[in-house]
Amino acid sequence: MTILCVRFQLPPMYEAALPGLLGLLEEFTPVVEALPPDGALADLRGAERYFGRSAVELASVIRVRALARYGVDCAIGAGPGPMLARVALREARPGVTCAVPEDAVAEFLADKPVAALPGVGAATARTLGEYGLDTLGLVAAAPLSTLQRLIGAKAGRELHEKAGGVDRGRVVPNAVSRSLATERAFGLDELDPGRHRRALLSAAEELGARLRAVQKICRTLTLTVRYADRSATVRSRTLKEPTAHSAALTKAAYGMYEALGLQRARVRALTLRAEDLAPAEQACHQLTFDPVDEKARRIEEVADRARAKFGPRAVMPGALGRGGGATSVSWPRAA
């Protein structure tokens, strides 16, 4: 096992600690890939040789240092590749590292559901399940031609390889600072879609205000939905045009949420992340004759001045949206 997938057990709204925690991993290896809002991949091939310890032993050291320095526990999965490490993380718990045996990868994956593989969505899992291919062992044993007929040539080939334990991924170092995020955590696991949407409205307005405050625009918006069983769904959308406009961010967030088709889902937290940031002067805005759009932008300017003068709570969440109502729910604000 040479790759670690680490998920830090960050309290809600403490994502600002992630860069420091990534620095902790970089004490062992420079090959660290951030997985916002609370995770990372680390390639320890060089560290194993340098420190004379296995990746699992180094994982124990990382856990102790995270607790000692930041008071943050972490769940860690270890495997021969990034995909296998992420699958192992699903079974890991704070204080225990779940490792995929290098000589028994196929056996480890065999009884896992198809959706356990990163990148396999509900639609693909449902399609395969209709033909009785509901575990990775069955998918690996199925003829490649059958999978390609069901889900497509490229997707079928990749899924067949992954189900058989072939992990061609690699850890790509990146910088978490190229993004901004805000989270809305519910006090109790929330079932009401209306409250989910109000949380997204509040988060998008805050994210837009923060982008405008640092004079940035974003090209990509990512939504993370965390559930009561600690699992999560992540969706990303490339915006039609780079923006820091709250209305555009809200529309994109609503679109991703609706596409998930959640029904009676017990949601614990919602996170919005603006990625691929660029200077605001590079923004190009499609001209419109819609007076409502221009009015909304002028209101945003006034609201931003109010926040700058009186603080971030000067404008209540949802006050700029048509639906309003977000003021009835209180979430801690992101750091």
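**Exercise 1.** Determine the strand order of the open sheet of 4 strands in this predicted model, and identify its edge strands.

*Solution.* Step one: reading across the open sheet gives the order β6-β9-β7-β8, and the pairing is antiparallel. Step two: β6 (180-190) and β8 (232-243) each pair on one side only, which makes them the edge strands. Step three: on average, neighbouring strands of this sheet are turned by 15° against each other, direction ignored.

**Exercise 2.** Describe the pairing of β6 with β9, and state which residue of β9 is the bridge partner of Ala181.

*Solution.* Step one: strand β9 covers residues 267-279 and pairs with β6 in the antiparallel sense over 7 bridges. Step two: the bridge partner of Ala181 in β9 is Arg273.

**Exercise 3.** Which strands does helix α10 lie across, and at what angle to β6 does the helix run?

*Solution.* Step one: α10 (residues 193-213) lies across β6, β7 (216-227), β8 and β9. Step two: the angle between α10 and β6 is about 160°.

**Exercise 4.** Locate Arg264 and Asp276, and classify the exposure of Arg264 and of Asp276.

*Solution.* Step one: Arg264 is in the loop between α11 (246-260) and β9; although not a glycine, Arg264 has a positive phi of about 55°. Step two: with a relative accessible area of 65%, Arg264 is exposed, since the cut-off for exposed is over 50%. Step three: Asp276 lies in strand β9 and also has a positive phi, near 55°. Step four: the relative accessible area of Asp276 is 36%, so this residue is partly exposed.

Terms used:
Residues are numbered from 1 along each chain as its sequence is written. This is a predicted model: local features need pLDDT of at least 70, side-chain atom pairs count only at pLDDT 80 or more; totals for chains, interfaces and linings use all residues. Side-chain values use heavy atoms; hydrogens and water are left out. Two strands pair if DSSP finds at least two bridges between them. Helices (H or I, at least four residues) and strands (E, at least two) are DSSP runs, numbered from the N terminus. Axes are lines fitted to C-alpha atoms, for helices over the stretch in contact, and angles run from 0 to 180 degrees between N-to-C directions. Contact means heavy atoms within 4.5 Å. Buried means under 20% relative accessible area, exposed over 50%, partly exposed in between (1.4 Å probe, protein chains only).
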